[in-house]
Every structure is written in structure tokens, then in C-alpha cells.
Amino acid sequence: MSVIETRPLLPRPTAPQEPDAAAYALPAEGLDDDQRLQALDAMDEYLTRKRRHLLGYQATQDLDRYALDLGRFMRSNINNLGDPFQSGGYKPNTKSVERAVLDYYARLWGADRAYDPADPESCWGYVLSMGSTEGNMYALWNARDYLSGRPLIDQPDDPALPFVPENPNAYRPVAFYSEDTHYSFAKAVRVLGVATFHEIGRTQYPGQCPPAVAVNGDWPTEVPSRPGPSGHSWDGTGEIDVDALAELVEFFAAKGHPIFVSLNLGSTFKGAHDDVRAVGERLLPVFERHGLLDREVVHGTDPRTGEALTDRRRGFWIHVDGALGAGYVPFVRLAAQDPEGYGWTPETVLPAFDFGLRLRRADGGEVDLVSSIAMSGHKWPGAPWPCGIYMTKVKYQLAPPSRPDYTGAPDTTFAGSRNGFSPLVIWDHLARHSYQDQVDRIRKAQQLAGYLEQRLRLLELETGTELWPARTPGAITVRFRCPSPELVAKWSLSSQDVLTVPGDPGSRRSYVHVFLMSSVDRAKLDALLTDLARDPYILGV
């Protein structure tokens with residue numbers, strides 16, 4: 001009988017102990033220098049201790065270089081207000097640096113030309129002030145308005161649709177994302193009022209879910225992930241179930257709905273990489289059958305004639321949430337294409353995911369598959385605060401909801417005022433690291449992931465305890481049995497519960513995972529393994 005069956009379930013780990021907020025209370029008269037410096041010293045000691053042990057999150061802690069080289073810029077209030085490709089009225093900005101960063105990632109992500117507002121196939125984007133949550137939210141906003149007929153950036157700013165379409169579903173996008181998707185999408189669909197297939201299925205099409213994907217005869221909440229050996233997704237590798245997605249998209253496309261799909265590149269817990277090409281190959285015939293490759297859209301009325309203004313747009317949008325993976329997958333793919341040149345043959349060839357991914361249509365033409373990509377700058381590149389990149393193509397850019405004169409540049413972004421320090425930090429990272437350096441970084445991370453998985457399996461044999469170690473192929477994260485609350489707090493481990501028998505709370509397993517970011521080394525992993533080998537919670541004593 002396994003340990004999980006013989007030992008009672010214990011409470012979830014508590015949050016790590018943090019400094020007492022009372023020590024930082026701010027009286028009306030302020031603090032004297034001694035009090036102020038004492039409080040700052042205490043916070044510095046706490047953060048130094050915690051960053052040395054951070055293993056459970058997608059965050060790089062190797063950041064000393066920024067303080068040395070970029071600290072001088074703290075003397076300026078740097079605000080990249082508005083569109084990054086127009087300077088605007090706020091002159092203390094780093095938009096020239098931001099454009100260099102965007103050009104770098106556009107090339108890395110398959111764009112074959114620099115940004116040009118007159119070229120619909122060129123890429124446009126901006127550096128986020130939040131992480132990929134902002135990028136995902138902007139993608140959904142961009143997709144919602146594009147698919148529902150809002151004016152594009154070069155069209156008259158008249159969002160009103162002066163007619164009732166023949167099919168009322170034609171401008172009502174439906175969102176699809178897998179159960180391994182980051183929770184930011186659950187927030188984004190709520191904030192932006194975009195309906196998921198679950199919501200529309202339950203309200204408009206009750207009892208009509210395709211049998212192959214129905215859960216007890218009802219619509220699943222999210223697209224299932226691929227099943228593992230158990231036949232369920234809890235022990236799967238975390239990629240989206242392409243067959244299930246195709247079944248669901250077929251149903252809603254047949255009803256006339258435009259389709260929004262978000263795919264993962266380095267998912268939050270399992271580090272999974274959805275196969276974007278495989279998804280496209282299954283969905284492209286669906287889009288062709290139901291007229292979603294090219295359709296006429298009414299986006300307003302001509303103020304002179306009163307006639308409808310129309311253009312041709314696709315009826316689908318594929319977004320790649322590459323919060324972690326979009327930073328390193330290109331370098332894994334470069335090494336796979338030239339292992340001799342880069343000195344490494346990756347263990348797994350990770351999927352193509354970017355703007356260069358094109359598929360053949362039935363008529364012999366080609367279609368570019370990906371409409372947008374988001375990446376977090378504080379994850380793989382490494383930044384001291386949340387930031388990131390959103391990127392799409394000019395042909396998908398929408399007219400901003402308002403055009404304030406005082407900004408001096410159209411605010412085509414989500415945030416308005418944007419952190420002008422973030423482009424400097426990302427630029428500095430890219431300037432320091434050649435493509436070869438980047439390949440070496442991801443090679444080290446994958447090798448450490450393999451090392452940790454192997455050592456956990458050895459620890460199972462040595463202790464006679466089930467640790468459930470698992471690693472998705474190509475991922476830089478390893479998941480295993482949740483240890484004691486003390487170790488979860490010490491190592492800042494992220495935990496997640498799964499049910500091994502769907503619907504049975506008694507079958508709960510608690511997992512944690514370790515992300516092998518660039519600031520992790522073998523000594524740190526060995527220290528964790530030593531702690532695990534002594535942990536009474538793990539040993540069941």
C-alpha cells in the first residue's frame with residue numbers, strides 16, 4: 001500500500017514568514033535616519049536570504065549586474081508614455097532602447113522585416129509594465145476587438161456597428177485555453193467580457209457538448225490537457241489535448257463564432273510546450289470549412305454617405321503565452337538546427353511557435369498562424385521587477401479607444417504610463433549575452449532539470465518513500481511530492497493539488513515544483529535534496 005493511502009492528509013503549507021509590517025509603519029513625523037536605515041537593513045537581510053533559496057518560481061535571481069551598471073538611471077523619472085515607435089511629449093524616455101529590444105525579439109520570433117506602419121506583415125509591440133498577465137490581457141483585448149469588427153488603427157474611429165449581422169454569432173468570439181493555462185486568462189475573460197466555450201456552451205447549447213470531450217454529459221470548464229498513463233490529465237505532461245481542442249472548435253466554428261485560442265510555451269506548473277504547429281494543422285481545415293480564413297467585416301459607417309465600411313479579416317486568433325518559454329525556446333531550436341555550431345544537441349526538439357510558422361491551405365496558398373505572443377522579462381531574461389513584451393502584427397493593430405493630445409503619441413498600449421527602466425534592463429541582458437551564451441544558459445538549465453529528476457528518483461530508492469518525481473520533456477521544471485511547510489517556506493516552493501480520481505477529494509496529491517532558472521546551480525539543488533532526505537513529512541514519520 002502506498003504512503004499516500006496510509007498517511008492522513010495534512011494541511012497545505014503555510015506562506016513563508018515575512019517581515020512584520022509594524023516595523024515599517026510610517027508616523028506623521030516620518031522616521032529619523034537610524035530608524036529608516038534599520039528598517040531598510042532588515043528588509044535587505046530578508047530578501048537576500050530568500051533569494052538565495054528561491055527555487056519554486058519562474059524568476060531569475062542573478063541580478064547584481066543591474067545595480068552596478070544601471071543604478072545611475074534611478075536619478076531620472078523614466079516614462080515610456082504611449083506608443084514605443086513615437087517619441088511623444090514626455091522626453092525623459094527610453095523608447096529608442098525599447099525599439100531595439102522589440103526588434104531583437106521580432107527577429108527571434110520569426111519576423112522577416114522591421115516594424116513599418118505601412119507594412120501589415122511587420123511586427124508591432126511594446127514592453128509591458130506588468131508581466132505576461134498584461135500581455136495576455138492585451139492579446140485578448142486585441143483579439144476581441146479585431147474579431148468583433150472594431151476599427152483597425154488606420155480606419156475611421158467609429159466603433160458602432162449600424163446593422164444586425166445575418167448570423168448574430170459572427171462577431172461574438174469564443175475563447176479556448178487548456179486546464180494548464182495560467183490563471184491570468186480566467187481573470188482576462190472576466191475583465192474583458194469575452195465568453196469562453198464553457199460559458200456559451202452552457203447557456204446557448206446545453207446538453208450539446210461533443211461526447212468525446214463532455215464531462216458527465218456537460219461542457220468542460222477548460223480544454224483538457226493530454227491524458228497521462230492514468231487516462232486522466234493529472235499525470236500527463238501538460239500539453240493541450242489537440243483532439244479535444246479540435247472537437248470543441250469545430251462545434252463553435254460551425255455555429256459562426258470567431259475563434260480565440262491561447263497556447264502555452266512553458267506552462268506555469270509543468271513547464272509544458274503546446275505544439276503550435278500540430279494545433280494549426282488540426283484547426284486550419286476547420287477554419288477553411290467555416291469561412292474563418294477570410295471574411296468580410298463591417299467596422300463602421302462612412303460619415304459622408306452613410307454606407308457600411310468593410311474590410312477582409314480572418315475569423316480566428318492564435319495567441320502564444322510564452323511567459324517563460326518564448327525567452328529560451330528559440331535558442332533550443334537554434335541548437336537543434338545547428339548542433340555542431342552551438343556545441344549542443346538538445347534532448348527534445350521544442351515546437352515552432354512564432355510569426356514565422358506558416359501552413360499550406362487547401363487552395364495551395366499559405367497562412368501565417370500566430371497572431372500574438374507574450375513573454376515575461378523577469379523570468380528567463382531576468383529583471384528585478386515584473387515586465388515583459390507583447391507583440392503582434394501591424395495588420396491586427398486596432399484604433400486606440402481615445403487619442404489624447406497631451407501625451408504627444410497615440411496610446412496604443414494597455415498601461416498608459418509605462419516603466420521606462422524595463423527596456424534598459426532587458427536591453428542590458430541582451431547586450432551581455434550572445435546567441436551562444438543564451439544556448440549555453442538553456443543547456444545548463446535543462447541539464448540541471450535532468451540531474452534533479454535523477455536524484456529524486458535515487459532518493460526514492462534510498463528512503464523507500466514515494467516522491468512522485470516527474471518532468472515534462474524539454475521542460476526546465478521538475479515536480480515532486482510536497483514536503484513539509486517548513487521546507488516549502490525555506491525554498492519558496494510553489495504547490496498545487498491534483499485529484500488522482502476525478503471528483504474524489506480523498507485522492508488528493510500535493511505537488512511542488514522547482515524551476516531551473518539561471519540563478520540555480522547544483523549546490524543549491526544538493527542542499528534542497530539534503531533537506532528532503534531529512535524531512536519527517538516526506539518520510540512519513
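## Helix H10 and its cover

Helix H10 covers residues 329–337, and its buried residues are Val329, Pro330, Phe331, Val332 and Ala335. Buried here means under 20% relative accessible area, with exposed set at over 50% and partly exposed in between (1.4 Å probe, protein chains only). Helices (H or I, at least four residues) and strands (E, at least two) are DSSP runs, numbered from the N terminus. The cover over the buried part of H10 includes helix H4 (95–108), helix H11 (339–342) and H13; contact means heavy atoms within 4.5 Å.

A word on the ground rules: this is a predicted model, where local features need pLDDT of at least 70 and side-chain atom pairs count only at pLDDT 80 or more, while totals for chains, interfaces and linings use all residues. Residues are numbered from 1 along each chain as its sequence is written, and side-chain values use heavy atoms, with hydrogens and water left out.

## The whole protein

Stepping back, the protein has 16 helices and 14 strands. Its radius of gyration is 25 Å, close to the 24 Å from the globule rule for 541 residues, so the protein is as compact as a globular protein of that length. That radius is taken over C-alpha atoms, and the rule is 2.2 Å times the number of residues to the power 0.38. Along the principal axes, the C-alpha atoms fill a box of roughly 80 × 60 × 60 Å.

Of the 541 residues, 54% count as buried. Among contacts with a separation of 6 or more, 72% come from residues 24 or more positions apart. The protein exposes about 23900 Å², and carbon and sulfur atoms supply 51% of that area; the areas come from the Shrake-Rupley method with a 1.4 Å probe, and for residues only the protein chains shown count as cover. As for charge, there are 56 positive and 70 negative charges, and their mean positions are 1 Å apart. Lys and Arg count as positive and Asp and Glu as negative, with His and the chain ends not counted; each charge is placed at NZ of Lys, CZ of Arg, CG of Asp or CD of Glu.

An α-helix has 3.6 residues a turn, so residues three or four places apart point the same way.

Phe316 lies in strand E7, residues 316–321, and is buried at 0% relative accessibility. Setting aside neighbours within four places in sequence, Phe316 is in contact with Leu147, Ile259, Phe287, Leu292, Leu293, Val367, Leu369 and Ser371. Phe316 also pairs up with Pro173 across the sequence: they are 143 residues apart in the chain, yet 8.5 Å apart in space, C-alpha to C-alpha.

Ala272 sits in the loop between E4 and H9, and it too is buried, at 0% relative accessibility. Beyond four places in sequence, the contacts of Ala272 are Thr237, Gly238, Glu239, Asn264, Leu265, Gly266, Ser267 and Thr472. Gly474 is 202 residues away from Ala272 in sequence, with 8.0 Å between their C-alpha atoms.

The loop between helix H13 (435–463) and strand E12 (477–481) holds Thr465, which is buried with a relative accessible area of 6%. Leaving out neighbours within four places, Thr465 touches Glu460, Arg481, Ile538 and Leu539. Trp468 is in the loop between H13 and E12 as well; Trp468 is buried at 9% relative accessible area and has a positive phi of about 55° although it is not a glycine.

Ser492, in the loop between helix H14 (485–490) and strand E13 (494–499), also has a positive phi without being glycine, near 50°. At 13% relative accessibility, Ser492 counts as buried. Val501, by contrast, is partly exposed at 43% and belongs to the loop between E13 and strand E14 (508–515). Val501 and Ser230 are 271 residues apart in sequence and 9.2 Å apart in space, C-alpha to C-alpha.
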